[in-house]
Each structure stands twice: as structure tokens, then as C-alpha cells.
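Hi everyone, thanks for coming.

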Amino acid sequence: MRLIRKVFNWIENHNYCLVLCYFFFYMTVFTLEEQYLRPVVAIHCPLDDLIPFNSVFIIPYFAWFLLVPSVIGYFMFKSKDEFLDLCFMLFTGMTICLAVYAVVPNGINLRQMVTGHDVWSRMVVMLRKVDTATNVCPSIHVFATLGCLMAVLRSPEFRNRRLVKFLLAVLSVLICVSTVVLKQHSVIDVTCGTALAVVMYYWTYHCDWRRGAVKTPIRALL
């Protein structure tokens with residue numbers, strides 16, 4: 001009970017963290033789109049056929065599920081302003097992706113049967129059972145990875161942490177590469193996800209997004 005009380009006291013004193021409730025909306029909409037939307041556009045380009053499949057890349061692919069929460073959590077405890085900037089960039093971009101999926105349902109036909117029996121191949125098979133080949137463009141995997149990387153690279157908190165930034169950059173590149181090597185995405189998806197990250201970076205850090213936000217219900221969290 002004491003721990004629970006401390007958690008609630010911390011949230012009360014740092015109510016800006018409540019913007020993370022966005023994930024309830026995101027997961028609900030994304031799940032519904034996965035279940036009910038049927039692709040009307042098949043994403044493909046010639047480069048996709050030249051990229052060999054390699055199950056080992058499941059390692060950096062799954063690293064995404066550690067990277068994004070870790071970066072968000074770090075800024076949540078270290079810097080309110082940087083946390084809110086990152087959340088605005090990620091959540092707005094992810095909402096744009098959900099809207100694109102709804103308006104233009106898309107998917108890929110790149111997946112081939114996994115014939116290996118090693119642990120990496122079994123993990124790929126497991127991934128494909130829960131992650132359908134729909135709602136792929138833009139790639140949220142790529143967009144969120146680059147968004148977190150950009151936030152870290154520009155953060156004063158990491159100004160003198162060159163090794164951390166270098167390792168994070170390498171991991172980010174591997175995550176983006178893994179999406180096409182595992183045939184989870186087309187090169188087009190990666191390109192669109194990258195373009196969205198650049199646009200959202202500019203909107204977040206070079207435009208006064210808070211001016212518009214003060215007219216919304218989240219103004220109390222800023």
C-alpha cells in the first residue's frame with residue numbers, strides 16, 4: 001500500500017505523465033484496424049525483392065519494444081519539457097499513421113514461409129502470428145525509432161554522452177533495417193516512416209506546438 005501511495009503521489013505532483021494515457025487510445029484503434037481493415041493497396045517496390053531474409057534480425061526488431069519505452073521513461077523522470085516534446089512528436093505521428101491506415105488500408109505480400117528451426121526462426125513465426133501483414137505504411141516501427149533517436153541526439157541531457165548516442169544510432173539503424181530484412185515492411189514503408197519522422201521533428205522543435213495545445217483539454221498538463 002505504501003508503494004502504491006507513493007506512485008499516486010508522484011503522479012499527482014507530475015501530472016504531465018498522464019499524456020501516456022494516449023496509449024490506451026492507440027492500442028484500441030490499432031487493434032480494431034488490425035482486425036477489421038482489409039488492405040486495398042499492396043505496398044511493394046523492386047528493392048524489396050533484392051533484400052534477403054535473415055531471421056537473426058529479430059533481435060533488433062524486438063529491441064524496439066525496449067528502446068521506445070526506455071527513452072520515453074527517461075525523459076519523463078528527467079525533463080518535463082523534453083518528455084512533452086517527445087510525446088507530442090510520437091503521438092501525433094502515430095495518430096497520423098492510424099488515420100492513413102483507415103483512409104488507405106494497406107498491406108504487404110512479401111512474407112515467405114520460414115523454413116528454419118533455430119530459435120530466431122521460431123521467434124519470427126511467433127511474431128507473424130500476432131503481427132499481421134496489414135497497416136504497414138508508414139512504418140510506425142521506423143517512425144518511433146527515429147523520433148526517439150532525434151530526441152536523444154538533440155537533448156542537453158546527452159550532450160557529453162557520445163558513446164550512448166553512437167550506440168543508440170547504431171541500434172536505431174539496425175531496427176529500421178530489420179523491418180525490411182524480416183519482410184515485415186517494404187522499403188516504401190521505411191521511407192514514408194522516415195519522412196514522417198522528419199516532418200514531425202520540424203513541427204515539434206521548430207514550431208510552437210504548445211500555442212495550439214493550450215486551447216485543448218491537455219493544457220493543464222503542460
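**A walk around the helices**

Let's start with Leu163, which counts as exposed because its relative accessibility is 60%. The cut-offs here are under 20% relative accessible area for buried, over 50% for exposed, and partly exposed in between, with a 1.4 Å probe and protein chains only.

Before I go on, a word on what you're looking at: this is a predicted model, where local features need pLDDT of at least 70 and side-chain atom pairs count only at pLDDT 80 or more, while totals for chains, interfaces and linings use all residues. Residues are numbered from 1 along each chain as its sequence is written, and side-chain values use heavy atoms, with hydrogens and water left out.

Okay, back to Leu163. You'll find Leu163 in helix α8, residues 162–181. When I say helix, I mean a DSSP run of H or I with at least four residues, numbered from the N terminus.

What kind of surface patch do Leu163, Phe166, Leu167, Val170 and Leu174 make? A nonpolar one, of about 480 Å². A patch takes residues with over 30% relative accessible area and no salt bridge, and nonpolar side chains (Val, Leu, Ile, Met, Phe, Trp, Tyr) are joined within 5 Å, like charges within 9 Å. A salt bridge would be a side-chain nitrogen of Lys or Arg within 4 Å of a carboxyl oxygen of Asp or Glu. The areas come from the Shrake-Rupley method with a 1.4 Å probe, and for residues only the protein chains shown count as cover.

Stay on helix α8 and look at Val181. Buried or exposed, this one? Val181 is buried, because its relative accessibility is 8%. Val181 and Phe57 are 124 residues apart along the chain, yet 7.0 Å separates their C-alpha atoms.

**How the helices pack**

Two packed helices are described by the angle between their axes and the distance between the axes. The axes are lines fitted to C-alpha atoms, for helices over the stretch in contact, and the angles run from 0 to 180 degrees between N-to-C directions.

Take helix α4, residues 58–78, against α8: the axes come within 8 Å and cross at roughly 125°. So α4 is oblique to α8. For the wording, angles under 35 degrees count as roughly parallel, over 145 as roughly antiparallel, 65 to 115 as roughly perpendicular, and the rest as oblique. The crossing of α4 past α8 is left-handed, meaning the near helix is turned anticlockwise from the far one by less than a right angle; clockwise would be right-handed.

Helix α4 also meets α7, with axes that come within 10 Å and cross at roughly 40°. That pair, α4 and α7, is therefore oblique, and the crossing is left-handed here too.

Now for α2 and α5, which cover residues 22–36 and 80–103. How far apart are the axes of α2 and α5? They are 11 Å apart, and the angle is about 20°. So α2 and α5 run roughly parallel to each other, and α2 passes α5 in a left-handed crossing.

From Ala144 to Met94 it's 8.0 Å, C-alpha to C-alpha, for 50 residues in sequence.

Most residues other than glycine have a negative phi, and most peptide bonds are trans. With that in mind, go to the loop between α6 (119–130) and α7 (140–154), where Pro138 sits. The peptide bond joining Cys137 and Pro138 is cis, with omega about 0°.

Asn135 is in that loop between α6 and α7 as well. Its phi is near 55°, a positive value in a residue other than glycine. Asn135 counts as buried because its relative accessibility is 5%.

Where would you look for Lys183? In the loop between α8 and α9 (187–206). The phi of Lys183 is positive too, near 65°, and Lys183 is buried, with a relative accessible area of 9%.

That's the tour, so over to you for questions.

Technical notes: Helix = DSSP H or I, 4+ residues; strand = E, 2+ residues; numbered from the N terminus.
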